[in-house]
Amino acid sequence: MDRQAKAVVCREWGQPVQVETITVEGPKRDEITIKIAACGVCHSDLSATTGKIPYPPPLVLGHEAAGVVVEVGEGVTAFKEGDHVVSTFISMCGKCSQCVRGRPVLCENARKAMFNLPDGTVRTKGADGEPLNVFGACGVMAEFATMHVDNCVKVDETVPMQNAALVGCAVMTGVGAVFNTAKLEPGSRAAVFGIGGVGLNAIQGCVTAGAEMIVAVDSNPAKLAMAKEFGATHTVNINEVEDAAKAVKKMTGGVDYAFECVGAGPVVEQAYKSLGRGGTAVVVGVADPKDKTSLTTLTLPADERTLKGSWLGSARPQHDFPRILGLYKAGKLKLDELVTRTYTIEEAAQAFDDMVAGKNARGVIVFE
Ligand code: NAD
Ligand code: ZN
C-alpha cells in the first residue's frame, strides 16, 4: 500500500535540506517496507546536498537507519512484519565474481543502485507525483522506506534503535576499516585523521583490535576530547602544529596504520606521510570526484607502504552488522556514547548544521 511519510529531501545542491511529505509505495517482489525509528546524519548525506557526492536531486537522504518491517513483498521469506532491521547502502547481487568472493561492497551490479533501487526504479514520489531518487538505494531519512531485501539486515531486537541505526554506516565504516580492510595487528601503532562519527569508530576499532598507540588528528578540540573518550592515546590539533604528519611521526616513530576519515587529497597525503616503513594508509573519507592525491612514488617500493581504500568498512553486512552489535552487547564497542543528540525530523536542517559545526559524535533523527 502507499504510505504518506515525512522525509528529508535535497531539492537543489547548495541549498538546506527540506522536510516534505512524500508518498512511499508498498514493496514489489523481493522488497520490504520499513517504518523507520532512527536515522543517523552522516557527512555523506551532507556531501550529497552539496554535489560533492553527485547524486542527482530531488533525492531522499539517509542511509544509516533502523526500523521495523511493516510490509513484505512477494517472494520475501527472510523477513516478516515486526522484524527489526538496519539499512545498508551496499546493494549486492550475490552472484557476480565480487559477491561470490566475499566482497559485496564491490558488487558489479551495485553501481546501478547508487540513487535508486537495484532494479533502476524508485518507490518514492513527491507531492506533485514526480519520482524522488533515494540515497544509496535507501532514502531512510523518512518515516517509511521501501527497500530491496538485500539492503536490509535483520538485527537483535533488544538493541535500542538509535544505536542500531549507526551500525548501518558510521560504526561499520570506521570499525570495518580497521577489522576488515586493514586487518590491524595487535600491538600496532595507528593514527586516525578526522574525528567525526566515522573517525571515532576507527578509533574504537583500533582499541578493540589491540592497537598500542592511537593518535587522533583533527582541528576541533572538542573532537579531540571525544577521541580520548573513545580510546585515543594521543592527539594532534592540526592548528597547533606546522605539519600534522611530522607530529604523528615524532610521537610514534611512524604508524603501522593511518586512517583518513575526512575525504580530501591533502589529508590522504598527511595520512600516507605519517606511516612508518611497511605501513598501510586506509582512505575512508569520500572526496570530490575531481580531487587528487600525490605521494612520493619511491616510498611505495622502498618502504613497502600500502595505500588502500575502504568502502563501508569492506563489510559483508549480513555477517558484520550482527557481529558488531554482538561486540556492543559484550561491552567492547561504545554505541550509546556515539549519539550526542537526537533530533525530530522537523529539526533535520539543524542536525546538518550541527554536524558542520562539529558539535556531535553523531546526530540522530528519531521518529515517533
Ligand atoms: P564528520 O563531519 O562527522 O567528521 C569529519 C571530521 O573531520 C570533523 O571532526 C572535522 O573537524 C575533521 N576534519 C576536517 N578537515 C580536517 C583536516 N584537514 N584534518 C583533520 N581533520 C579534519 O564526518 P563523518 O560522518 O565522520 O564522515 C567522514 C568522511 O567519511 C566523509 O568524507 C564521509 O563522506 C566519509 N564516509 C565514507 C564512507 C565509506 O564507506 N568509505 C562511509 C561513510 C562516510
Ligand atoms: Zn554514511
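A polar contact is a pair of N or O atoms within 3.5 Å; within protein, one must be able to donate a hydrogen and the other to accept it, and residues adjacent in sequence count only if both atoms are side-chain atoms. Helices (H or I, at least four residues) and strands (E, at least two) are DSSP runs, numbered from the N terminus. This is a predicted model, where local features need pLDDT of at least 70, side-chain atom pairs count only at pLDDT 80 or more, and totals for chains, interfaces and linings use all residues. Residues are numbered from 1 along each chain as written, chains are lettered from A and ligands numbered from 1 in written order, and side-chain values use heavy atoms, leaving out hydrogens and water.

**View 1. The two ends of helix 6.** At the start of helix 6, a side-chain oxygen of Asn220 comes within 2.8 Å of the backbone nitrogen of Ala222. Just after helix 6, Gly231 has a positive phi of about 115°.

**View 2. The zinc ion (ligand 2).** Its protein donors are Cys42 (SG), His63 (NE2) and Cys169 (SG), 2.0 to 2.3 Å away (donors: N, O and S atoms within 2.8 Å of the metal, or 3.2 Å for Na, K and Ca; water is not among the atoms, so sites may look incomplete). His63 and Cys169 are both buried.

Conventions:
Buried < 20%, exposed > 50% of the residue type's maximum accessible area, 1.4 Å probe, protein only.
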